[in-house]
Amino acid sequence: MQPASTRRVVVPGMVDRRTGKVLYAPRLGWRDVQLRDALSEVAGLPVFVEGAPIACALARLWALNGKMRVVNNFAYVSVSDGVGVCIVHKGEVLRGETHTAGELGHVSLDPGGPLCVCGRRGCWEAFACNSATIARFEKLSGTRSSVEEIVSRAKAGEPAAVETLVETGRQIGRGLANVASAFNPKRIYVGGEVTAAWNLLEPAIR
C-alpha cells in the first residue's frame, strides 16, 4: 500500500516501474528519461510513475467487485494519442522482464502502411490512434476536426464522420484480433475518446 502523501504520474509510453524511468515515449520524444527522481526532488514526496494503459487496467481491476471480481484475466486497450495495451492475468499486470510488455500498438499490421511515430511503418497505432482518425476524416471531408468533434458529427449522422469512425473501428478490431489470439483474455476493455461512439465502432470491431 502506497502512503497517502505520494504523487502518481501516468505517462503515455514504456515505463520501468522499478526505477521510475521512462524508457520510451515516442509521442513525447522521450527516451531513457529519469522522471521519478526528478519529480520526487521537486515535490519533496515519493513519486510513482506508471504507463497509461497499465494505470487504466489497474483502475479497472480495483473497481471490480462482487461477481465482476472474477474477471481477473483481461486486456485493457487504450486508443487515444497512441495505442497501448495492458494484459492482466490472474489479477496481476503482465509487465515482462524489462517492464515493457504490452507494446502491441507498435506491432506492424502492414509493413507498407503509414509511418508511425516510432519510426516504423504500419504499426497498429498508425492505423487506429486519434491522429489517424483525424487524418481519415480530413481526407473524406476536407475539414480538420478533433476526435471529439468527429464523434459529435457522427452522432448527428454526418456521413464522412460515420465512415471515419467505422473505419477506425475496423482498424481497432484488426489489432484486437492479435490481442485475443496471443493472450486469450476473458474480456477486453477498450478506452479512449473514440469510444464515445461505441455504437458505430462495435460492429466494425467485431
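# Helices, sheets and single residues

Mentor: We begin with two helices: α6 passes α7 in a right-handed crossing. The model is a predicted one, in which local features need pLDDT of at least 70 and side-chain atom pairs count only at pLDDT 80 or more, while totals for chains, interfaces and linings use all residues. Residues are numbered from 1 along each chain as its sequence is written, and side-chain values use heavy atoms, with hydrogens and water left out.

Trainee: What makes a crossing such as that of α6 and α7 right-handed?

Mentor: A crossing is right-handed if the near helix is turned clockwise from the far one by less than a right angle, and left-handed if anticlockwise. For α6 and α7 the crossing is right-handed. The helices themselves are DSSP runs (H or I, at least four residues), as strands are (E, at least two), numbered from the N terminus.

Trainee: Why is α6 called oblique to α7?

Mentor: Helix α7 covers residues 198-205, and α6 packs on α7 at an angle of about 45 degrees, with the axes 7 Å apart. Axes are lines fitted to C-alpha atoms, for helices over the stretch in contact, and angles run from 0 to 180 degrees between N-to-C directions. Under 35 degrees is roughly parallel, over 145 roughly antiparallel, 65 to 115 roughly perpendicular, and the rest oblique. The angle therefore makes α6 oblique to α7.

Trainee: Which residues of α6 and α7 meet?

Mentor: With contact taken as heavy atoms within 4.5 Å, V162, L165, V166, T168, G169, R170, I172, G173 and L176 in α6 meet L200, L201, A204 and I205 in α7. By class, the contact of α6 with α7 has nine nonpolar, three polar and one charged residues. In this scheme Ala, Val, Leu, Ile, Met, Phe, Trp, Tyr, Cys and Pro are nonpolar, Asp, Glu, Lys and Arg are charged, and the others, Gly among them, are polar.

Trainee: What angle do α5 and α6 make, and how far apart are their axes?

Mentor: Helix α5 (residues 147-155) and helix α6 (residues 159-183) pack at about 115 degrees, with their axes 7 Å apart. That value makes α5 roughly perpendicular to α6. The crossing of α5 past α6 is left-handed. I150, V151, R153 and A154 of α5 make the contact with A161, V162, T164 and L165 of α6. Six nonpolar, one polar and one charged residues form this contact of α5 with α6.

Trainee: What makes β2 and β4 the edge strands of their sheet?

Mentor: The open sheet has three strands in the order β2-β3-β4, with antiparallel pairing. The strands β2 (14-16) and β4 (30-34) are its edges, as each pairs on one side only.

Trainee: How do you know that β2 and β3 pair?

Mentor: Two strands pair if DSSP finds at least two bridges between them. β2 and strand β3 (residues 21-25) have three bridges, in the antiparallel sense, and one partner of M14 lies in β3, namely Y24. Four bridges join β3 to β4, again antiparallel, and V22 has V33 of β4 as its bridge partner.

Trainee: Why is D32 counted as partly exposed?

Mentor: Buried means under 20% relative accessible area, exposed over 50%, and partly exposed in between (1.4 Å probe, protein chains only). D32 has 48% relative accessibility, so D32 counts as partly exposed.

Trainee: Is K90 buried or exposed?

Mentor: K90 has a relative accessible area of 62%, so K90 is exposed. K90 lies in the loop between β7 (83-89) and β8 (92-93) and has a positive phi of about 55 degrees, although it is not a glycine.

Trainee: Is E125 buried or exposed?

Mentor: E125 has 4% relative accessibility and therefore counts as buried. E125 is found in helix α3 (residues 124-128). Leaving aside residues up to four places away in sequence, E125 touches R27, D81, G82, V83, G105, H106, C116 and V117.
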